[in-house]
Amino acid sequence: MTQTAQSLTLEDISVDYGRGPVVANFSVHVEPGKILALLGQSGCGKSTILRVIAGLLTPSAGSVHFGATDMTLRPPWERNLGLMFQSHALFPHLTVLRNVEYGLRPKKMAKKDSERRALEMLELVHMTRYANVHPTELSGGQSQRVALARALAPEPRVLLLDEPFSSLDAGLRERMRAEVAAIVRQVGVTTVFVTHDQDEALSIADMIAVMSAGNIVELASPRDIYKRPRHAYTAAFVGGSNLIKGELCAANGAWRFKAGDTELAIREANLAAGPAMLAIKPEDVAVDPPPECQHRFRARLEEASFHGPNQRLVWLVESLDGKAIVSRTVNSQRDFRVGDTHEIGWKSSDAVVVEMDQ
Amino acid sequence: MRQRGWTSWRILRALSLFIGYGFVLGPVLPVVYNAFNASPIFPAPFEGLTLEWFRSVVTSEQYMSGAIVSIEVGIGATALALVIGVCAAFAVVRGPAWIRGGAATSLLMGPIVIPQIVIGLAILEAASQLSFRLGLAGLIIAHAVFVSPFIIRVVAGALEVQGSNLESAAMVLGSRRTAVLFTLTLPMLRPAIVASAVFAFTLSFVNVPLSLFLSPSNLRPLPIVIYQEMINTRTPVLAAVSILLAFVLLLATGLAEKVFRVRILQ
């Protein structure tokens with residue numbers, strides 16, 4: 001079922017409802033067959049971008065290209081897209097089969113062919129048994145599958161997923177996520193999906209665009225977004241990094257990070273010297289650290305909470321002006337008591353210098 | 001076993017049931033027993049069972065032709081009001097911002113809040129000044145104006161609940177705006193449209209004030225025939241025709257539910 005996937009290019013998209021821009025000068029390019037995740041909190045403009053791509057919203061400026069074709073002013077029905085809403089938006093008055101067939105209707109296929117194609121799609125999502133059932137009788141996961149089949153049936157040039165998993169409960173969500181990702185990869189369609197769930201973005205996407213206030217803060221691969229963020233916003237939003245304010249200095253070809261009275265050796269930095277932040281993931285913070293942890297501090301335990309397999313500990317570090325550092329460790333036999341003083345630390349390679357928020 | 005502390009709630013609930021049903025259905029009871037009452041005077045104390053009055057209704061040319069006029073007016077008015085009402089519902093829910101929302105809907109409720117007797121008189125006067133003869137058409141139009149707000153209310157409510165996500169999905173799936181309207185929006189509104197149509201037909205069927213002014217002497221709807229009979233001769237036939245009327249309307253509603261597979265009464 002391979003098809004010729006197309007690239008998607010948004011250039012300088014601005015959307016303004018009249019109360020200031022919701023999205024300003026948004027540009028992104030998705031290679032054919034790749035999956036882009038728009039990750040951000042609600043209100044960051046990510047769904048607006050999706051509506052612009054779908055043609056449900058006309059941007060006040062900018063352009064949308066599918067491959068080399070300018071689609072900016074084409075109505076939604078001429079765009080050949082697949083769209084899956086959070087609510088799944090199945091048509092309640094039609095059976096599952098007719099729902100999947102709906103997108104083939106404008107193609108003027110023979111009834112026999114469109115029905116065969118719809119059944120093929122239902123097979124792809126393991127829903128053949130439900131072909132003649134009405135959507136109201138389906139469970140959340142089942143209607144999700146049907147929505148995907150319906151979106152993919154007309155062989156869309158671009159597939160759009162709007163928070164597709166957030167209406168499902170936790171266990172099912174994880175399963176559907178894996179299943180949908182596998183199917184989308186199998187079909188090989190260029191995909192944009194919108195989510196506020198970092199796990200979702202990290203596990204499915206080829207590229208993640210972290211969004212805030214109507215624009216992209218950072219665009220990178222999931223691994224880089226998580227491990228090597230460039231912005232404090234990304235570091236905090238994805239993985240909940242600890243952020244230490246300070247200054248990046250270069251001395252004798254080596255990078256150093258100054259925070260208060262403390263000076264830390266840094267492996268590498270992509271920034272110019274000057275004010276910056278140091279980001280460390282909670283799981284990289286070790287308590288009573290082994291010798292390879294070059295950054296070490298005395299800290300007092302302020303708060304401890306139990307999270308099943310993990311425990312979350314909040315430490316106050318005096319030499320960093322009383323800064324709170326969060327660590328997450330696997331629950332072991334060891335119990336930490338609030339008020340105790342320990343040494344905490346991390347490897348210098350796990351500390352990332354990031355740009356401060358504007 | 002019973003939990004403590006619910007007594008006052010139970011009393012209140014029983015009371016509300018009693019008051020609710022009692023006041024709604026109570027006044028209908030004398031009509032019911034008078035329809036089967038052997039006494040030739042209406043209303044009168046019970047004297048014995050008879051079906052004589054029902055026979056008189058069915059054999060009465062006056063009542064039967066009245067029923068036919070009422071059915072014609074009801075169907076015509078409902079059809080016209082459906083066109084007007086569905087269009088207005090779309091305007092109120094999907095129109096440009098200045099025409100949309102609660103204020104616009106309230107404005108369109110106008111025909112309900114202005115006394116019908118005044119509307120009837122006004123239409124009659126306007127028609128006579130324009131030397132325009134009101135026939136069946138005039139009656140149908142007046143009824144349509146009166147019942148369309150009920151259709152607007154129900155259909156606009158359903159359209160609002162339906163939202164536009166499904167339509168967006170359909171457009172993205174390649175259907176043009178008009179195709180979406182006919183393959184999705186309207187089919188989904190069908191239950192609301194059918195239910196409001198049945199309601200509208202019923203309201204037209206039993207309407208007196210508009211018909212009183214606007215029905216020509218040779219085209220008298222059933223309620224007007226009843227009204228005139230009431231002034232001239234008070235016989236239990238009136239009760240019998242009322243019971244028949246209620247029964248037929250209930251039957252028609254049930255039939256509509258079956259045929260269109262929608263819920264109206266529940």
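In the predicted model described here, helix 3 of chain B and helix 13 of chain B, the latter formed by residues 237–260, pack at an angle of about 75°. The two helices are therefore roughly perpendicular to each other. Their axes lie 8 Å apart. On the side of helix 3 of chain B, the contact involves B:Trp53, B:Phe54, B:Ser56 and B:Val57, which meet B:Val237, B:Ala239, B:Ala240, B:Val241 and B:Leu244 in helix 13 of chain B. Sorted by class, this contact comprises eight nonpolar residues, one polar residue and no charged residues.

The chain that holds this helix pair, chain B, has 13 helices and zero strands. Along its principal axes, the C-alpha trace of chain B spans about 75 × 70 × 35 Å. Of the 266 residues in chain B, 33% are buried. The domain assignment divides chain B into domain 1, covering 1–25, and domain 2, covering 63–260. The C-alpha centres of these two domains of chain B are 36 Å apart.

Chain B also touches chain A, in a contact that takes 14 residues from chain B and 18 residues from chain A. On the chain B side, the elements that give two or more residues are helix 9 (165–172) and helix 10 (177–205). Helix 9 of chain B gives the most to this side, with seven residues. By class, the side of chain B that touches chain A consists of nine nonpolar, four polar and one charged residues.

Nonpolar residues were also examined in the interior of the model. In soluble globular proteins, nonpolar side chains tend to be buried together. The largest nonpolar core has 107 residues, of which A:Ala37, A:Ala149, A:Leu160, A:Val192, A:Ala209 and A:Val210 touch the most other members. Helix 4 of chain A supplies the largest share of this core, six residues. Another core, of 38 residues, lies apart from it and includes B:Val73, B:Leu82, B:Val198 and B:Leu214. When residues up to four places away in sequence are not counted, A:Val210 touches A:Leu39, A:Gly40, A:Ile216, A:Val217, A:Glu218, A:Ile225, A:Tyr233, A:Thr234, A:Phe237 and A:Val238.

Several backbone features remain to be described. Most residues other than glycine have a negative phi, and most peptide bonds are trans. A:Glu155, although not a glycine, has a positive phi of about 50°. A:Glu155 is located in the loop between helix 4 (140–152) and strand 7 (158–162) of chain A. Because 16 other C-beta atoms lie within 10 Å, A:Glu155 is partly exposed. A positive phi, near 50°, is likewise found at A:Ala213, a residue other than glycine. The position of A:Ala213 is in the loop between strand 9 (207–212) and strand 10 (215–220) of chain A. A:Ala213 has 15 C-beta neighbours inside 10 Å and therefore counts as partly exposed. In chain B, a cis peptide bond joins B:Phe42 and B:Pro43, with omega at about -10°. B:Pro43 belongs to the loop between helix 2 (29–35) and helix 3 (52–59) of chain B.

Definitions and conventions:
Residues numbered from 1 in each chain as written. Chains lettered and ligands numbered in written order. Predicted model: local features only at pLDDT ≥ 70, side-chain atom pairs only at ≥ 80, totals over all residues. Contact = placed C-beta atoms within 7 Å. Helix = DSSP H or I, 4+ residues; strand = E, 2+ residues; numbered from the N terminus. Nonpolar A, V, L, I, M, F, W, Y, C, P; charged D, E, K, R; others polar. Buried ≥ 20, exposed ≤ 12 C-beta atoms within 10 Å, placed from the backbone. Domains from an automatic or database assignment. Axes fitted to C-alpha atoms, helices over the stretch in contact; angles between N-to-C directions. Parallel < 35°, antiparallel > 145°, perpendicular 65-115°, else oblique. Core = buried A, V, L, I, M, F, W, Y, C linked by C-beta atoms within 7 Å.
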